[in-house]
Amino acid sequence: LSLAQVLLVFAKEDSQSDAFWWACERAGFRCNIARTPESAVECFLDKHHEIVIIDGRHSRYFEAEAVCRMIRATKPSEHTVILAVMPQTPSDQEEPSVLPLLSAGFSRRYLENSSVSACYNELIQLEHGEVRAQFKLRACNSLFTALEQCQEAVEISSEDHVIQYVNPAFEKMMGYHRGELIGKELTELPKSDKNSADLLDTINTCIKKGKEWQGIYFSRRKSGDSIQQYVRITPVIGQGGKIRHFVSIKRPYSDNHRQCNSLRHKDRRKESVDVRSISSHSSDAPSLQNRRYSSMARIHSMTIEAPITKVINIINAAQESSPVTVAEALDRVLEILRTTELYSPQLASKEDDPHTNDLVGGLMSDGLRRLSGNEYVFSKSALHNMSQSQLAVPVPLNDIPPSIAELLNEEERWEFSILELEAATHKRPLSYLGLKIFSAFGVCEFLNCTEATLRSWLQVIEANYHASNSYHNSTHAADVLHATAYFLRKDRVKGSLDQLDEVAALLAATVHDVDHPGRTNSFLCNAGSELAILYNDTAVLESHHAALAFQLTVRDSKCNIFKNMERTQFRTLRQAIIDMVLATEMTRHFEHVNKFVNSINKPMSAIEETSSNSEGSDCEGQASIRNSPENRLLIKRMLIKCADVANPCRPLELCIEWAGRISEEYFAQTDEEKRQGLPVVMPVFDRNTCSIPKSQISFIDYFITDMFDAWDAFASLPGLMEHLAENYKYWKNLDEMKCKSLRPPPPP
């Protein structure tokens, strides 16, 4: 390690770069210096430095984060420690967050200090800590290959004596194939009767104390005959000082007492290396066979049998008997399966479609990569500041004006205009529409509550929507409630859900955006808002909507629609409501849609194709698919997701109005981000430059089309799909005219 190489990236040499240069000399490290990002990458690709130090004090020469990303984009940087040199923060200013640096790929930060001793201490600490850890990781493939080639039999078991790995020498000696051993407890294997009665107890007593045991032991081969072995069993201490593995080295007793020195390195790998950190197609492994053995051990060391683990084990077993080309293809499959974002498509580069990129970043990101120290705390919810008089004296809804009653008669039609109801009710459409729909679905009867309680509840919920939001107000909630009711009336949906599901869907739609601040989750996380801190930057708004809805409901008996329910049924209903509200969070959009397609669309389509007697009607097989609890959950999630973003499937005039409202809300967010110096989450939503048609086209292409194709295939919604096609064509025509606004310019 004394020959560690350091790359300094400084646009101009000064006392700080000189200090690091002399510190490298003192430490015995080889040092290069680069003055531009391009020369830095070129030098790094040539030398593969262990430590890279980038000057982040003067952004006029280059952006340190951009240089870091360029280096991190290269393959050799996987095991490189990258240090950012940052200016000292004045004592009267807030210490900036290191998260932007970490997300750019830096390992740590160094505050400007041109003392050679300070730089030397930093380098020595890096070398003793992270650099050495990276050396160990880099060596793992080679060490693992050595273990596979070791002539002595090696067996690794868990703390519970479940076999996790055996090497080829063990297979040869004992006559088993590793697939017959992995995952089995040692006690399940046949024992030789030639050992003394208390030998096993002696061994267990010793190794459970963390002590090594070695001695002569008879093992039983698969063939049934016994073999006398010299055995050495070493407990491996892991996290928390507990025994995590036992490593056994075995050889026929007649051999001399050689030891397999690679073993201890293997132990460390088992303790500390994540399975994804070692590439299955590393050049270190000399052959496909070694690579596949390495892969087997990685997979089988996962002792928790999650479904994905089972899938990986099946693939790995198939590799064992596959031709080389198939095995290599399956290796690539395994790499994909080990990623955390299995359901999120990978976007093209940002230049290709900035509208899609910004929408995805703004709607599907938790903002963690853009954290800031700025504080943004929107007004407290009406849970705290609404006066009691508003609850005690609800505005009477019994005497519904004829004009409103007439509008509500059209409620069952998809073309129903929620905007006309908004105007007629003076921006209180949710209470009126809720009464009408809840009555039609028998919600009061199901909940065993009075209509007066329901009226009070609807008014409390509506009062907690922000009328000042251009989009996320109670009209949007009423619109989603209307779409939810429309979907629930579709034959196939109705035949899949029971009344509790229906009531849960209607209640979830009503509350799904309550107290929405008119800002995205990314904004709240970047601003360090109280809600983001409360919910750990995870599904912040959706968690708040669900939690607040129940807080508002149960705090006052006058509006507690659940007060007469039996406890178990309430728990079931509550869980269903929470699940549906959380499903409206966009970060898991593709997961929900793909699960629906794979668990419901495809199996039902297969049954339709093979069933000759269905003749357009649902057959028993399809009903059994739809009605399982797991699939009912997927249907409810898909239902509220589609209801939540159904604007592009509404009649054109409604579609245009909603597009204008959501754009205005995003414009207002961008304005505030610029005002407060926060990161701009969706730069294309700048009111001075934004093309609304382009943003709508991107939204429909990326989020809407596939989801509504799947929902239409299930629920049969030809009218919606016609509107979607018409609206998409409208936005396309505007875009082709280079028009950026909601409507075409008037003819001259």
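**Annotated binding-site residues in a predicted model**

Biologist: Which residues does aspartate 513 touch, not counting residues up to four places away in sequence?

Modeller: In this predicted model, contacts up to four places away in sequence are set aside for aspartate 513.

Biologist: Is aspartate 513 buried or exposed, and in which loop does it lie?

Modeller: Aspartate 513 has 7% relative accessibility, and because buried means under 20%, the residue counts as buried. Its place in the chain is the loop between helix H23 (499-511) and helix H24 (521-526).

Biologist: Which of the residues that UniProt places under "binding site" are included in the lining of the largest cavity?

Modeller: The unreviewed UniProt entry places this feature at His472, Asn473, Ser474, Thr475, His476, Asp513, Asp644 and Gln696. Of these residues, the lining of the largest cavity includes His472, His476, Asp513, Asp644 and Gln696.

Biologist: Why does threonine 475 count as buried?

Modeller: Threonine 475, which lies in helix H21 (residues 474-488), touches Ile418, Leu419, Glu422, Pro429, Trp658 and Arg661 when residues up to four places away in sequence are not counted. Threonine 475 counts as buried because its relative accessibility is 2%.

Biologist: What is the length of the polar contact that joins the side chains of threonine 475 and glutamate 422?

Modeller: Glu422 is among the residues that threonine 475 touches. Between the side chains of threonine 475 and glutamate 422 there is also a polar contact, with a computed length of 2.7 Å.

Biologist: Which side chain is joined to that of aspartate 513 by a polar contact of 3.0 Å?

Modeller: Aspartate 513, a buried residue, makes this polar contact of 3.0 Å through its side chain, and the partner is the side chain of histidine 512.

Technical notes: Residues numbered from 1 in each chain as written. Predicted model: local features only at pLDDT ≥ 70, side-chain atom pairs only at ≥ 80, totals over all residues. Heavy atoms only, no water. UniProt positions renumbered as here; feature names shortened; annotations may be inferred. 1 Å grid on protein atoms, 1.4 Å probe; cavity = no way out; pocket = protein on both sides within 12 Å on 5 of 7 lines; lining within 4 Å. Helix = DSSP H or I, 4+ residues; strand = E, 2+ residues; numbered from the N terminus. Buried < 20%, exposed > 50% of the residue type's maximum accessible area, 1.4 Å probe, protein only. Contact = heavy atoms within 4.5 Å. Polar contact = N/O pair within 3.5 Å; in protein donor to acceptor, adjacent residues only side chain to side chain.
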